[in-house]
Amino acid sequence: MSAYDAVYQRSIVEPEAFWGEAAQGVEWDVAPATVFDDGRWFVDGRLNTCHNAVDRHVATGRGEQTALIYDSPVTGVVRRYSYAELLESVARTAGMLCDLGVVAGDTVVIYMPMVPEAVIGMLACARLGAVHSVVFGGFAANELAVRIDHARPKVVLSASCGIEPTRIVPYKPLLDAALEQAGHRPARCVILQRPEAPADLVEGRDLDWAEAVRDAAPAGCVSVAATDPLYILYTSGTTGVPKGVVRDNGGHAVALHWSMSHVYGAAPGEVYWAASDVGWVVGHSYIVYAPLLAGCTTVLYEGKPVGTPDPGAFWRVVATHGVRTLFTAPTALRAIKKDDPSGNFAQKWDLSGLRYLFMAGERLDPDTYHWASDLLGIPVIDHWWQTETGWPIAANCVGIEPLPIKPGSPTRPVPGWDVRVLDPAGEECPPGVEGAVAIRLPLPPGALPTLYRDDARFAESYLSRYPGHYLTGDGGFLDDDGYLFVMGRIDDVINVAGHRLSTGAMEEVIAAHPDVAECAVIGVDDELKGQLPLGFVVLKAGADRDPADVERELSAMVRDRIGPVAAFRRAVVVGRLPKTRSGKILRATMRDIAAGRDYRAPSTIEDPAALTEIADAL
Ligand code: COA
Ligand code: AMP
């Protein structure tokens, strides 16, 4: 039996012994006597996640080691924080939150660009046992308002602006607009003033971050139950209402700490860089928590793969900061490849220290895999996961035993994840046959225990389709060697440039257009971004409109209501949508047509010509 097989089997057969041992990698205030009970991990343990990520390393002699490197080509700043400096900043920021009345269990919304204060704010919440909810900066005011109303924060942490390569994005007016729309009123907003675009502060509500922190006394770590929430991260579901994925403290710390050595093969003291954004789960897990829990140096990069200033940006960061492990999304590599197909920019830098390139966010297509692998000459490792799971479900666990790579596959299930491919009747599909990818319960530590303030939606969305299993929403198959191939979503979630978006949310916006009778949005393949949204709209009778004007108006509405990340630019006016006789829009068939898959019009279709119209428009 291979080393991987042995570890994997043990994690499935003896999960309590397995995770009980892994829990020893974390420092507990009260060590858990019970590893697993009634669906929850480490139920009677107590700890503080910030202590494990920061204080612990200072106490054990890593105080002078760099904890965080902020590299910002958009501002020209590079700044290093040692673990001791990070501790000082986090403790003081936690003190500021205390002064504002934040206590354990309160929620704090963080709407910030990729600046160190975003990381410090997250850790400061963890320090107090407060629950942060980070909202990605590319979302519009309306999306922020929806999250504020659901999370009900006592305090909002934000900044005056974000910086995109082509423009400054004032965040404060977006926050002001969101607070006008939201029913919930946070007691205070703390605004980091950036020199590129300082913001006007609202008297009595807004505080200047630098001043508020300067006046605060450092706060210590508050011990919380392992099952207490660390954060809420809203993610797109199939409707316009986002799902508040909850992460607990104990399972998260254990799983992430374990993953750094076993999945990524990373050791304390090494430089680990996840080129993502703190607004996404990859940013939560592998910019902030996991590298710090493991005593690594993490990189916070405020820039893009191309254009800041050129397609050598990633290679510059790798070479100048001594990055050992790089984690990015295939779309970022495709952007680099498009601008620098021969990899000339990579040749300019000494990349000999880079050991692994990990990829996630969407399927790593074989072309991009081969390009990166030939260019770098190191293992390029696809791994598959989701906001809900918090850490990889399938990967080549190089820290246990590197397995041969099969391009197009994220390799095999990670220990702890009992992956099954099921047919519509719930039977396991034989090797090579595609079905719904599900995880047999229990989920390992670190996976979501529930949706925030919505246990019923959690059960309905994930647990009801296949009793005893968690439904991932992805389709795929296992091959004869047990390698998993994840082929794409089987629901109405799409993936645009590594950003997870809901077509249902876009449909809600489009349906509000005065001339639109009905609509359907699907994801279509895009060479650079993986997928792009494409809308089909039927106009109301008598609406005599130029389709180009309708497209422009709908694009502006989606940008305004959801945000620029939605990249909604194409809307096709059609005579009718394909539907069943009972009126259900055939979205799955539309997706098959768009993906170039074989499709068969269901016998219940109302008007088969409607499908031809869709196919012609693509
Ligand atoms: N704040 C404000 N606006 C933002 C933003 C933020 N944090 N992030 C993105 N936007 C805006 C962009 O400016 C752009 O606006 P535009 O329509 O006016 O040009 C729009 O949202 C789309 O942005 P993006 O998806 O980044 O596309 P792009 O064309 O600017 O760049 C890539 C394409 C591939 C280079 C880029 O998408 C990328 O780096 N993707 C990797 C994503 C990733 O790492 N995801 C994490 C998963 S691991
Ligand atoms: P998110 O929750 O934003 O991380 O998005 C999760 C979704 O992205 C998954 O359900 C998949 O559809 C897709 N995804 C992420 N990583 C991969 C991967 N390595 N291979 C295939 N799909 C992926």
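Trainee: A backbone N or O atom of Ala275 lies 3.4 Å from an oxygen atom of ligand 1. What is a polar contact?

Mentor: A polar contact is a pair of N or O atoms within 3.5 Å. The model is predicted, so local features need pLDDT of at least 70 and side-chain atom pairs pLDDT 80 or more, whereas totals for chains, interfaces and linings use all residues. Residues are numbered from 1 along each chain as written, chains are lettered from A and ligands numbered from 1 in written order, and side-chain values use heavy atoms, without hydrogens and water.

Trainee: Which side chains have a polar atom 3.1 Å from an oxygen atom of ligand 1?

Mentor: His499 has a polar side-chain atom at 3.1 Å from an oxygen atom of ligand 1, and for Lys529 the distance from a polar side-chain atom to an oxygen atom of ligand 1 is 3.1 Å. Ligand 1 taken alone exposes 940 Å², of which the protein buries 83% (Shrake-Rupley areas, 1.4 Å probe).

Trainee: Which residues surrounding ligand 1 are the closest, and how is its shell divided by class?

Mentor: A residue is near a molecule if one of its heavy atoms lies within 4 Å of it. Ligand 1 is surrounded by 22 residues, the closest being Glu164, Arg167, Lys304, Arg559 and Arg569. Its shell divides into 10 nonpolar, 6 polar and 6 charged residues; Asp, Glu, Lys and Arg count as charged, Ala, Val, Leu, Ile, Met, Phe, Trp, Tyr, Cys and Pro as nonpolar, and the others as polar.

Trainee: What is found around ligand 2?

Mentor: There are 15 residues around ligand 2, and His383, Thr387, Asp474, Arg489 and Arg500 are the closest. By class, this shell holds 4 nonpolar, 5 polar and 6 charged residues. The side chain of Asp474 has an N or O atom 2.6 Å from an oxygen atom of ligand 2. Among the backbone contacts, a polar atom of Gly361 is 3.1 Å from a nitrogen atom of ligand 2, and an N or O atom of Arg363 lies 3.4 Å from a nitrogen atom of ligand 2. Of the 490 Å² that ligand 2 exposes when taken alone, the protein buries 93%.

Trainee: What is the order of strands in the open sheet of 7 strands?

Mentor: Strands pair if DSSP finds at least two bridges between them. The order is E5-E4-E17-E16-E18-E19-E20, with mixed pairing. Strand E5 (77–82) and strand E20 (380–382) are the edges, each pairing on one side only. From one strand to the next, the twist averages 20° (angles run from 0 to 180 degrees between N-to-C directions of fitted axes). Strand E4 (residues 66–72) pairs with strand E17 (residues 297–301) in the parallel sense over 4 bridges, and Ile69 stands opposite Val299 in E17.

Trainee: Why is one side of E23 and of E26 left without a neighbour in the sheet?

Mentor: The open sheet of 4 strands has the order E23-E24-E25-E26, with antiparallel pairing. Strand E23 (418–422) and strand E26 (484–489) stand at its edges with a single partner strand each, so one side of each has no neighbour in the sheet. The twist here averages 50° from one strand to the next. E23 pairs with strand E24 (residues 435–440) over 5 bridges in the antiparallel sense, and Arg440 in E24 is the bridge partner of Asp418.

Methods. Polar contact = N/O pair within 3.5 Å; in protein donor to acceptor, adjacent residues only side chain to side chain. Helix = DSSP H or I, 4+ residues; strand = E, 2+ residues; numbered from the N terminus.
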